[in-house]
Amino acid sequence: MYIVFCPGQFLCIFTENCGKIYQTGFLNGGRFLVAKQTKGYCKYCGKEYTKSGMLRHLASCQKRKIRLERESTKTRCGYFQVVIYAKYDKDYWLIIEISENATLKDLDQFIRNIWVECCGNLSAFDIAGVRYEVLPDTDPFWGPPAKSMNYKLKDVLEVGEAATYEYDFGSTTELILNVHSYRVGGRKREKIVILSRNQPLEILCSQCGKNKASWVNPEGYYEGNPFWCEECLEKMESDEEESEEYDIPEFLLPVCNSPRMGVCGYEGSDIYPDQFEPDKE
């Protein structure tokens, strides 16, 4: 039995022991696997929904309405509600609200901080056919030069529009950004507010299939056994002392709540914890 798993930019076929939690179904008499939809907490009330359910909930969340009403007398500002998710693994998603006066550079830095930054790589947005790069190449040899990320969102985004984002043009992590809605409210100190985020994925150790995975071996993706728990690593290290064979992965990265997990040297965010917590009342 095989499944498709998409860590970052990779598309791999694994055995059922790859570690990710799936539910089964049947199609034309043959068995297939469908990943469960991940859920996240509402920032305001703490209720848990899938991404699509959360978008519906945020529009009617009573605690959010009360909070926004308190802002109504302040200086006004426009805000975009943007849904960000991984192009090849939609289990990873973010719903944010961002000021219309924020720049693409602000949004780029947020994405780097929460999901992708590992080696200071280049990045780019593609919006309505226009490319915006963190360090734009002005050489016209390959076509129209890219623009900078100094543009304000109100000058480049429209509700209903979909944009793409790339980080690292070698081992690329690709994201989709959907501009879901727009509102005008009181100006806030923060340019970007996380409204919800997917819960960390339930990933089991590929070796034992029982324990929660703590580490990922990038080379293991191609062999179908990338994930390791602490117990299996300790056992392997103990066995190594009694054997001349070397089977322990040489390069391990921590399991983290990011579509860039296991790619390049990504070790997770130093700023945002994997588990998003709602506001305390």
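Two strands count as paired if DSSP finds at least two bridges between them. The model shown in these views is predicted.

**View 1. Strand β7 and its two antiparallel neighbours, β8 and β12.** β7 and β8 form a hairpin, with 6 residues between the two strands. Strand β7 covers residues 76–86, and strand β8 covers residues 93–99. The two are joined by 7 bridges and run antiparallel. Within this pairing, Q81 stands opposite E97 in β8. β7 is also joined to β12, here by 11 bridges, again in the antiparallel sense. The bridge partner of F80 in β12 is Y182. Of the 11 residues of β7, 10 are buried, so the strand is largely enclosed by the rest of the structure.

**View 2. Helix α1 and the lysine at position 51.** Helix α1 spans residues 51–58 and is mostly covered, with 6 of its 8 residues buried. The buried residues in α1 are K51, G53, M54, L55, H57 and L58. K51 lies over the face of Y85, at 4.1 Å from the ring centre. In an α-helix there are 3.6 residues a turn, so residues three or four places apart point the same way.

**View 3. A lysine over the ring of Y44.** The charged end of K43 sits over the ring of Y44. Its distance from the ring centre is 5.8 Å.

**View 4. The hairpin of β9 and β10.** Strand β9 consists of residues 123–127, and strand β10 of residues 130–133. The two strands pair in the antiparallel sense over 4 bridges. A124 has E133 in β10 as its bridge partner. Between the strands of this hairpin there are 2 residues. A128, in the turn, has a positive phi of about 55°.

**View 5. The aromatic pair F125 and Y165.** A search of the whole structure finds 5 aromatic pairs. In the pair of F125 and Y165, the ring centres are 4.9 Å apart and the planes stand at 55°, so the pair is tilted. The pair links distant parts of the chain, as F125 is in strand β9 and Y165 in strand β11, 40 residues apart. F125 counts as buried, at 1% relative accessibility. Y165 is also buried, with a relative accessible area of 0%.

**View 6. The aromatic pair Y221 and F227.** These two rings form an edge-to-face pair, 6.3 Å centre to centre with 90° between the planes. Both Y221 and F227 are buried.

**View 7. An open sheet of 3 strands.** The strands follow the order β15-β14-β16, and the pairing is antiparallel. The edge strands are β15 (227–228) and β16 (253–254), each of which pairs on one side only. Strand β14 consists of residues 215–216 and is joined to β15 by 2 bridges. V216 stands opposite F227 in β15. Strands of a sheet pair through backbone hydrogen bonds, either parallel or antiparallel.

**View 8. A nonpolar patch on the surface.** The patch is formed by L122, L135 and F169. Together these residues have about 290 Å² of accessible area. F169 lies in the loop between β11 (162–167) and β12 (173–186). With a relative accessible area of 39%, F169 is partly exposed.

Notes: Residues numbered from 1 in each chain as written. Predicted model: local features only at pLDDT ≥ 70, side-chain atom pairs only at ≥ 80, totals over all residues. Heavy atoms only, no water. Patch = residues over 30% accessible without salt bridge, like charges linked within 9 Å, V, L, I, M, F, W, Y side chains within 5 Å. Areas by Shrake-Rupley, 256 points an atom, 1.4 Å probe, with all protein chains shown as cover. Salt bridge = Lys/Arg side-chain N within 4 Å of Asp/Glu carboxyl O. Buried < 20%, exposed > 50% of the residue type's maximum accessible area, 1.4 Å probe, protein only. Phe/Tyr/Trp six-rings, centres within 6.5 Å; stacked < 30°, edge-to-face > 60°. Lys NZ or Arg CZ within 6 Å of the ring centre and 35° of its normal.
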